[in-house]
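This briefing describes the protein shown below.

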Amino acid sequence: MLNLLTAEKIKLRRSKKLWIVLGILSLLPIFQVANSLMAVHYGNELVQPVDTVINGATGILMMEKNGLTILLVIGAFISFLIGEEFQNGTIRNALSLGRSRTHYYLSKFVVAALLSLVGVIILTALGMISFSIAFGFGEVAGINDYFSYAIQAFLTLYVLILSNVSIFMMISFLTKNSGISLIWTFIYTIAAGFGAPIFLQTEHFKQLTYWFSLSFLFYSDFAKTADIGKFPEMILVSLITIVLSSAIGILRFTRTDIK
């Protein structure tokens, strides 16, 4: 598997897609702090439950503020990363050398997970720095131990992102085509993110809403005490999602004929 990861590293160094993803995630905080400054200039007040990030301290919530954008950007990257391997036939090169399909799948997942981690670290760090410069570091209301809170919030948000990265990987290996994978990735993100709350309107199925990690990401306030208490539940749902989607993806991939 180490050889596969080394090969992936070489490919990524030459990939324009990698730098496009990192570029987008780097520019987002700059754009958003400029937008917030403009809003304040015109007399609007930044409110944390609405604006999510209002100072340097709340910059730790940049993943929450940009959850949909992050998922769409990473989803597009994964769709092309996997789809092009099938469409160009380069996947046969690794498999013809006797590489395990499970290891091949996991190597792609590791690449996507590391890219997501680097991307959200850059996004969060630039968000905290830029909002601190513009509005001061400040604090998160109701939080006494900020350092502990920041670590928990960052890890929880990242695991929520990672659970959806795992689903994007599964979709890409099932479709084996960049375009089709891109479409289904976007459909899943929109449907699961904005469709899951429909279950809340029912008596018997409302608990299903929070078996979708996107429900936590899109509808939780990670600076609110009640939602902070749900961090362990969010991580549990995310880990179950990662295990199930990876198992399905690997099982289907091992039974797929590579043409």
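Which pattern does the protein follow when read along the sequence? The pattern is α-α-α-α-α-α-α-α-α-α-α-α, with 12 helices and 0 strands in the protein. The model is predicted.

**Overall architecture**
- The protein has 259 residues, of which 48% count as buried.
- Of the contacts between residues at least 6 apart in sequence, 78% join residues at least 24 apart.
- Carbon and sulfur atoms account for 66% of the accessible surface, which comes to about 13,100 Å².

**Helix α2**
- Helix α2 covers residues 16-41, and its 26 residues should span 38 Å at 1.5 Å a residue.
- The buried residues in α2 include Leu 18, Val 21, Leu 22, Leu 25, Leu 28 and Pro 29. Gln 32, Val 33 and Ser 36 of α2 are also buried.
- An α-helix has 3.6 residues a turn, so residues three or four places apart point the same way.
- Just after α2, Gly 43 takes a positive phi of about 95°.

**Nonpolar surface patch**
- Ile 180, Ile 183, Trp 184 and Ile 187 make a nonpolar surface patch of about 400 Å².
- One of these residues, Ile 187, is found in helix α9, which covers residues 178-195.
- Ile 187 has a relative accessible area of 40% and is therefore partly exposed, as this value falls between the 20% limit for buried and the 50% limit for exposed residues.

Technical notes
Residues numbered from 1 in each chain as written. Predicted model: local features only at pLDDT ≥ 70, side-chain atom pairs only at ≥ 80, totals over all residues. Heavy atoms only, no water. Helix = DSSP H or I, 4+ residues; strand = E, 2+ residues; numbered from the N terminus. Buried < 20%, exposed > 50% of the residue type's maximum accessible area, 1.4 Å probe, protein only. Contact = heavy atoms within 4.5 Å. Areas by Shrake-Rupley, 256 points an atom, 1.4 Å probe, with all protein chains shown as cover. Patch = residues over 30% accessible without salt bridge, like charges linked within 9 Å, V, L, I, M, F, W, Y side chains within 5 Å. Salt bridge = Lys/Arg side-chain N within 4 Å of Asp/Glu carboxyl O. Expected span 1.5 Å × (residues − 1).
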